[in-house]
Amino acid sequence: MKKFLSLVLLSLFTFVLVACGGEKKETKAESTTPVEKKVIKVSTKFVDDEQTAKSLVKVVEAVNARSNGSLELQLFTSGTLPYGKDGMEQVMNGADWILVDGLNFLGDHIPDYNAVTGPFLYQSFEEYFRMMKTPLVQDLNAQAYEKGIKILSLDWVFGFRNMTTNKVIVTPEDMKGLKVRVPTSQLYTFTMEAMGASPVAMPYPDTYAALQQKVIDGLEGSVMSYYGTKQYENVKNVARTRHLLGVSAVTISRKLWESLTDEQRTIIQEEFDKGTADNLAETEKLEKQYEEELIKLGVQFNDVDAEAFRKAAAVVFTQFPKWTPGVYDKIMENLAQIREDIKNGK
């Protein structure tokens, strides 16, 4: 009997060990299950020769390598995929999509983004970067998130925007009658009208042919874009109006963002932050270099009556009834403090 009981107890003990061992093995198998790979399209209007596109190539390669196969970012430049208004709709609708394009397309949905990027506000990149860190702009980012848009960056600058035509422009009077291409954006349309031109909205990739066919007389944009897209082959004068800062927002769908793991989100955010720094460093270096090369190619640069243009463009800040009342005053208060801090080395 004792022998029988011993055998029964041994059998039970063996069963428990096997069961526990099997359970541990199953848990281990679950913990090593690979994360499902996310394929994310990155859309931008910038062509391959422009610095923004070059910096984006580095970001995409870094994210893909660092994620060990859990992420696959696919970059589409030159407006190959929807960008601008249509691209932002993709983001808002929850597509597996990252858009790199102007803040004005955020302004279509959160109007005050257009206010903080209005004409003749900033005198340097540093002023703009500091403004983007203010509670005013952070609140706009929170509003964007509620609408399905996660802001990865607002700091992908590509230079101040100038007028490029075949005419020397010094005052707003010189722009009367000129048909100037603008993005599909009220901010740009109102700004060009205030500065004296007749704005013509069209996709940027269409501008090269439009200049050749005399559909437009010129365009406004940065030296970086002007050089990178070879617009100097059609228009040979750059008036340094510096009317708007050329900067792109990097946005991703909130739905997609929330579907990613913490590690995936960290990788994407950190690599786009590195890309911001790379793009800025290269932009600052290349702006002067490109201007020198453009002069060799026969392009003329001239300064303008900045005060006359500032006064003419002031009306733009009264043309947006959807802007929060008093937002312009808040922007100027922030800007005054920013300039004081920079002056005092803070």
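Contact here means heavy atoms within 4.5 Å. All views show a predicted model.

**View 1. Asn114 and its contacts.** Asn114 sits in helix α5, which spans residues 112-115. Residues up to four places away in sequence are left aside, and Asn114 then touches Leu103, Asn104, Gly107, Leu187 and Trp323. Is Asn114 buried or exposed? Its relative accessibility is 5%, so Asn114 counts as buried, the cut-off for buried being under 20%.

**View 2. The largest nonpolar core.** This core holds 61 residues. Leu106, Tyr113, Tyr122, Tyr128 and Leu154 touch the most other members. In soluble globular proteins, nonpolar side chains tend to be buried together.

**View 3. Tyr122 and its contacts.** Tyr122 is one of the core residues that touch the most other members. Which residues does Tyr122 touch, not counting residues up to four places away in sequence? They are Val116, Glu127, Tyr128, Met131, Met132, Phe160, Leu335 and Arg339. One of these, Tyr128, is also listed with Tyr122 among the core residues touching the most other members. Tyr122 also belongs to the lining of the largest pocket, where it is one of the residues nearest the centre.

**View 4. The largest pocket.** The volume of this pocket is about 400 Å³. Its lining has 19 residues. Nearest the centre lie Phe120, Leu121, Tyr122, Ala306 and Arg310. Three elements each supply at least two lining residues: β8 (237-253), α13 (306-313) and α14 (327-343). The largest share comes from α14, with four residues. By class, twelve lining residues are nonpolar, two are polar and five are charged.

**View 5. The second largest pocket.** Here the volume is about 280 Å³. The lining counts 16 residues, and Asn141, Ile151, Leu152, Ser153 and Leu154 lie nearest the centre. Two or more lining residues come from each of α6 (125-132), α7 (135-146), β4 (149-165) and α12 (262-296). Which element gives the most to this lining? That element is β4, with seven residues. The lining divides into seven nonpolar, five polar and four charged residues. Leu154 links this view to the largest nonpolar core: Leu154 is one of the residues there that touch the most other members.

Conventions
Residues are numbered from 1 along each chain as its sequence is written. This is a predicted model: local features need pLDDT of at least 70, side-chain atom pairs count only at pLDDT 80 or more; totals for chains, interfaces and linings use all residues. Side-chain values use heavy atoms; hydrogens and water are left out. On a 1 Å grid over the protein atoms alone, a cavity is a set of points where a 1.4 Å probe fits but cannot get out, and a pocket is an open set with protein on both sides within 12 Å along at least five of seven lines; lining residues have an atom within 4 Å of a point. Grid points are joined across faces, edges and corners, and a volume is the space filled by probe spheres set on the points. Ala, Val, Leu, Ile, Met, Phe, Trp, Tyr, Cys and Pro count as nonpolar, Asp, Glu, Lys and Arg as charged, and the others, Gly among them, as polar. A nonpolar core is a set of buried Ala, Val, Leu, Ile, Met, Phe, Trp, Tyr and Cys residues joined through side-chain atoms within 4.5 Å. Buried means under 20% relative accessible area, exposed over 50%, partly exposed in between (1.4 Å probe, protein chains only).
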